[in-house]
Amino acid sequence: MDLKLFKLDIDELMHEFTQCESSGFAEFKRVWLSRRFSYIFKAAPSTNQGLFMQSLYAHSISYMVSADSFFNRLGGLYCLYCLFETQMFKPPYKIYLSLGELKQLKNLVIEAKAAGVNVVATLVKGMLERNTFLFGFVGVEEGSPAERVNEVTGEHNARIQAAYKMLFANSRLEHFIHMDLGTELDVDLFKKTSSEYAAAKELSIREASQVVDVDDIKHIAENQRLIGDVVEQTAADWNSQKETLYRETGFSPPTTAVPPQPKGGSSKKRKEACDCLATQEDDEDSEDSEDFCRELEESLLS
């Protein structure tokens, strides 16, 4: 979003006001009306309207807290007040003001009182009573919004990584997150065994058809999805979800591969492999591991 032209309009407004060398709000209002400055909102973007308003506010505040002439600082405050009062957004966007800028606003009120410009105290008091300001710690001019967002995002990700290391360090949960399910379940063996079983079943029905009527059982060998294909698809889905987890949480795959578990050709061997791993933990972890393996096998074979 290019706001240079809007800021240039504010610069020209401020220049005309300071040329009058007047400290009265009525004089600023005359200049505002003569330039029909409220029409600045007619050109406001249809999106990112909050950013648009805060940018206008921030540019006015830069005049209000500047080290330039007293008229310049007064013009910045008057412009800030008029921008808030004439905006067309409902509810109106509040003015973000850092604590440092608030202190400088207080100094401006004191300086204006000493100069006999009592309208400044009245304006500021009214803005405070109407809860016009949104106070914060960081000034908008101290860094771009994108830089601030990146900084906060980096801190957030660092906290997640620290919590991740504390939560998963030396635990079996980390093993299950990073493990290769295809290797754990020996997908190749599953596919080989299921293919051999399907071929044997088809051969048996074909041979039996030469002796008896097999129309009632012929469907057993037709259009059946092999268990090996089911396990292979499950392993692929597991890997896809694992990559999604890495991408959405910022976690990284382990630098060293998670050691595969011993391969076996039956549920009994896989169960023994899980029991072997479980002995590395205490008794409670061992029971949880056995339950996990059992539930996994039942869900795949059901």
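Modeller: Let's get the cysteines out of the way. The count of disulfides comes to zero, bearing in mind that this is a predicted model. Take C82: the closest cysteine sulfur to its own belongs to C79, and at 7.0 Å that is too far for a bond, since a disulfide needs the two sulfur atoms within 2.5 Å. C82 is buried, with a relative accessible area of 9%. C20, on the other hand, is partly exposed at 32%.

Now for the part I'd zoom in on, the aromatic rings. Searching the whole structure turns up 11 aromatic pairs. One of them is F17 with F28, an edge-to-face pair with 5.3 Å from centre to centre and 80 degrees between the planes. F17 belongs to helix α1 (residues 4-20) and F28 to helix α2 (residues 25-34), so this pair ties together parts that are 11 residues apart in sequence. Both F17 and F28 are buried. F28 also pairs with W32: their ring centres are 6.2 Å apart and the planes meet at 45 degrees, so that pair is tilted.

While you have the viewer open, go to helix α5 (residues 99-114). Its 16 residues reach 23 Å from the first C-alpha to the last, close to the 22 Å expected. E101, L105, L108, V109 and A112 are the ones to colour as buried in α5. Those residues cover an arc of only 100 degrees around the axis, which puts them on the same side of α5. What do the buried residues of α5 pack against? Their partners are α3 (49-64), α4, β1 (95-98), α6 (119-129) and β2 (133-136). After α5 comes G116, with a positive phi near 80 degrees.

The S55 side chain reaches the backbone oxygen of L51 at 2.7 Å. If you skip residues up to four places away in sequence, S55 touches L3 and K7.

In α4 (residues 70-86), look at N72, which counts as buried at 12% relative accessibility. The side chains of N72 and D68 are joined by a polar contact of 3.2 Å. Beyond its neighbours within four places in sequence, N72 is in contact with M14, T18, Y63 and S66.

Conventions:
Residues are numbered from 1 along each chain as its sequence is written. This is a predicted model: local features need pLDDT of at least 70, side-chain atom pairs count only at pLDDT 80 or more; totals for chains, interfaces and linings use all residues. Side-chain values use heavy atoms; hydrogens and water are left out. Helices (H or I, at least four residues) and strands (E, at least two) are DSSP runs, numbered from the N terminus. Buried means under 20% relative accessible area, exposed over 50%, partly exposed in between (1.4 Å probe, protein chains only). A polar contact is a pair of N or O atoms within 3.5 Å; within protein, one must be able to donate a hydrogen and the other to accept it, and residues adjacent in sequence count only if both atoms are side-chain atoms. Contact means heavy atoms within 4.5 Å. Rings of Phe, Tyr and Trp (its six-membered ring) pair if their centres lie within 6.5 Å; planes under 30 degrees apart count as stacked, over 60 as edge-to-face and the rest as tilted. The expected span of a helix is 1.5 Å times one less than its number of residues. The arc is that of the directions from the helix axis to the C-beta atoms.
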